[in-house]
Amino acid sequence: MSALLIVSCSDNKPKSEVKSDKVIKASTEIPQIAASQEVSVKPNDNADKFNQYIDFYNEGLIGLSNELNNYFKKEGKAETLKKDGDYTSGAKYKDWEQIKTLIKEPPAFQQLDEAAAELIPAAEQLDELLATAREYYKAKKYTADNYAQGQELHTKILATSQKYQQAYSQFEVAIKAKESETRSLEMEQAKKEGNELVYNRILVSILMDKILTELETQKVSARNVTTTDLTKIKPLYEDLSQAQKALREASKVRKAPKNKDLINEHYSKEFVDTTAKFKACVVDLIERVETQKPLNEAELRVINATPAKGTPELLIELRKETIKEYNNSI
């Protein structure tokens, strides 16, 4: 599953920060998505609907996937539950009715709307089952029924989670297709208007994502980072370096107040600076591979809490920082 990172739509409304949680689906970790700036006949309408889908992905699906992983960690994935009795914390997604209504709202995003219609029933059912399981374990009802209801819930959770993950995969394909479409339209519009800041901002984002996707394709992590094939990474880095330099230069040019793409100067600088950190981390990764310098066991033990230099884990964290600063800057 490739990394999907989209950035937030420019509809002249303030954007909230993107959460820093990772999407966890089964045992695979990918960065969280953020929204994409959409250029269209009715940009505000399209941006609003698309951003709501992004919020659903970021806040609903990430939370639900994390809850499912937490449940499996406690009760296991086997047909017979582990009888741990410790799955007691978590929260339900609160906007199911809103997201169900969104599917029918204009404008129509056929592939995305259809994928959402397939996903939402399974996701909502899974959310409800997990909530019921939490209440069951909180009340310690298993002490009275010897886990009878717990096993019943477990069987339903296993079955529903399969439906959820299949539908999730289709939704991810659809939202990625929409991302590609909106980025292309946005870049085309920026090029037509001579807006080098917007153009290079998108280009840098695309190149960062391509690097993450290539590392994921190679199944590279901190544990095997020295096995990275740099054949594709190095050309992507060169492209990123040039685009990031152009972005920095473009960001120094103050936009006229009448320009709709006027960007908050502070956050624009923060975005540029975080992309520079990402670029530097790619340099560290290349150096780590070329010098064959693996991480030691101490570094690996804390890799999730404190990602080491020159690792995919740190690149993912830095990419999420760029998303947050991008969303703040528009």
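**Backbone features and helix packing in a predicted model**

Asn146 is exposed, with a relative accessible area of 59% (exposed means over 50%, buried under 20% and partly exposed in between, with a 1.4 Å probe and protein chains only). The model is a predicted one, in which local features need pLDDT of at least 70 and side-chain atom pairs count only at pLDDT 80 or more, while totals for chains, interfaces and linings use all residues. Residues are numbered from 1 along each chain as its sequence is written, and side-chain values use heavy atoms, with hydrogens and water left out.

Asn146 is located in the loop between H4 and helix H5 (148–193); helices are DSSP runs of H or I with at least four residues, numbered from the N terminus. Its phi is near 55°, a positive value in a residue other than glycine. Lys140, in the loop between H3 and helix H4 (142–145), likewise is not a glycine and has a positive phi of about 55°. A cis peptide bond, with omega about -5°, links Pro106 to Pro107, and Pro107 belongs to the loop between helix H2 (96–102) and helix H3 (110–138). Most residues other than glycine have a negative phi, and most peptide bonds are trans.

Gln52 forms part of helix H1 (residues 43–75). Its relative accessibility is 18%, so Gln52 counts as buried. Residues up to four places away in sequence aside, Gln52 touches Gln98, Ile99, Leu102 and Glu105, where contact means heavy atoms within 4.5 Å. With Gln98 there is a side-chain to side-chain polar contact of 3.1 Å (a pair of N or O atoms within 3.5 Å; within protein, one must be able to donate a hydrogen and the other to accept it, and residues adjacent in sequence count only if both atoms are side-chain atoms).

The axes of H5 and helix H6 (residues 196–217) come within 8 Å and cross at roughly 145°; axes are lines fitted to C-alpha atoms over the stretch in contact, and angles run from 0 to 180 degrees between N-to-C directions. Residues making this contact include Met187 and Ala190 of H5 and Ile202 and Ile206 of H6.

H6 also packs against helix H7 (residues 230–251), at an angle of about 155° and with the axes 9 Å apart. H6 is therefore roughly antiparallel to H7, a term for angles over 145 degrees. Among the residues that meet are Leu207 and Ile211 in H6 and Leu240 and Leu247 in H7.

Technical notes
Helices (H or I, at least four residues) and strands (E, at least two) are DSSP runs, numbered from the N terminus. Angles under 35 degrees count as roughly parallel, over 145 as roughly antiparallel, 65 to 115 as roughly perpendicular and the rest as oblique.
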